[in-house]
Amino acid sequence: MTQRCGWAGPEQIYLDYHDTDWGVPEYDSRALWEKLVLDGFQAGLSWITILKKRENFRAAFEGFDPNVIAEWGAPEVGRLLSNPGIIRHRGKIEATITNARAWQKIEADGGFDQFLWDYVGGKPLQNAWTSLDQVPAQTPLSAMVSKDLKKSGFRFCGPTIVYAFMQATGLINDHLVGCPRHDQVKALVR
């Protein structure tokens with residue numbers, strides 16, 4: 001009998017995220033940026049907290065349009081700090097603005113999507129973990145991506161955040177092999 005990855009659940013929003021979103025290869029630059037920002041906001045918190053607030057984040061951050069957010073300053077930071085629907089952390093909010101500007105530079109220089117997918121040769125890495133305790137929190141690859149993102153001006157993108165981001169966006173397929181989603185996600189390779 002197969003079953004979902006052990007981290008998913010028990011709340012329906014978590015199950016839905018596992019079953020439809022997590023690990024699906026994402027090729028859209030803006031969507032990749034949104035997911036990296038949300039992973040940065042998750043630092044020190046549980047992912048379920050972010051999932052429950054994701055739509056609030058999307059509304060507060062203008063649909064995560066980096067070209068809009070790159071123009072923001074102190075007034076927008078103040079507005080966001082008073083928004084109870086999101087994580088009100090000044091450093092993470094300010095990092096989002098900084099990251100939008102860094103995204104613009106990478107996007108103009110060949111695309112944020114291309115920048116990220118080049119690390120895996122354009123195709124998701126396919127892991128074959130059989131239990132959650134085998135799955136690393138970070139890898140040499142996530143450390144390299146983190147370092148390069150930081151060189152490009154990104155913040156809140158350490159190796160652990162980047163590894164979680166790479167899992168979530170399908171750069172790496174870390175569904176356990178006993179999970180029905182492992183083969184489903186594997187089949188989504190371009």
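Which residue forms a salt bridge with Glu26? The partner is Lys35, and the closest N and O atoms of the pair are 3.9 Å apart. The views below come from a predicted model, in which local features need pLDDT of at least 70, side-chain atom pairs count only at pLDDT 80 or more, and totals for chains, interfaces and linings use all residues. Residues are numbered from 1 along each chain as its sequence is written, and side-chain values use heavy atoms, with hydrogens and water left out.

**View 1. The Glu26–Lys35 salt bridge.** A salt bridge here is a side-chain nitrogen of Lys or Arg within 4 Å of a carboxyl oxygen of Asp or Glu. By this rule the count comes to 10 salt bridges. Glu26 has a relative accessible area of 18%, so Glu26 is buried. Lys35 is also buried, at 16%. The terms follow relative accessible area: buried is under 20%, exposed is over 50%, and partly exposed is in between (1.4 Å probe, protein chains only).

**View 2. The Lys52–Glu11 salt bridge.** The closest N and O atoms of Lys52 and Glu11 are 3.0 Å apart. Lys52 lies in helix α3 (residues 47–60) and Glu11 in the segment before α1 (12–20), so the pair ties together parts that are 41 residues apart in sequence. Helices are DSSP runs (H or I, at least four residues), numbered from the N terminus. Lys52 is partly exposed, with 48% relative accessibility. Glu11 is partly exposed too, at 36%.

View 3. Arg90 is partly exposed at 46%. Glu94 is partly exposed at 31%. Elsewhere, salt bridges that share partners join Asp21, Glu26, Lys35 and Arg54 into one network.

**View 4. Helix α6 and its cover.** Helix α6 spans residues 90–108, 19 residues in total. From first C-alpha to last, α6 reaches 28 Å, close to the 27 Å expected at 1.5 Å a residue. The expected span is 1.5 Å times one less than the number of residues. Buried residues of α6 include Ile93, Ile97, Trp103 and Ile106. Among the elements that cover the buried residues are α2 (29–42), α4 (66–69), α5 (74–81) and α7 (112–117). Just after α6, Gly110 takes a positive phi of about 115 degrees.

**View 5. Phe112 and its contacts.** Phe112 is found in helix α7. Its relative accessibility is 0%, so Phe112 counts as buried. Not counting residues up to four places away in sequence, Phe112 touches Ser29, Leu32, Trp33, Leu36, Trp103, Ile106, Glu107, Leu149 and Phe154. Contact means heavy atoms within 4.5 Å. Phe112 and Leu32 are 80 residues apart along the chain, and their C-alpha atoms are separated by 7.9 Å.

**View 6. The contact of α8 with α9.** Helix α8 (residues 140–151) and helix α9 (residues 159–168) pack at an angle of about 110 degrees, with their axes 8 Å apart. That makes α8 roughly perpendicular to α9, a term that covers 65 to 115 degrees. Axes are lines fitted to C-alpha atoms over the stretch in contact, and angles run from 0 to 180 degrees between N-to-C directions. Leu141, Ser142, Ala143, Val145, Ser146 and Leu149 in α8 meet Pro159, Val162, Tyr163 and Met166 in α9.

Notes. Helix = DSSP H or I, 4+ residues; strand = E, 2+ residues; numbered from the N terminus. Parallel < 35°, antiparallel > 145°, perpendicular 65-115°, else oblique.
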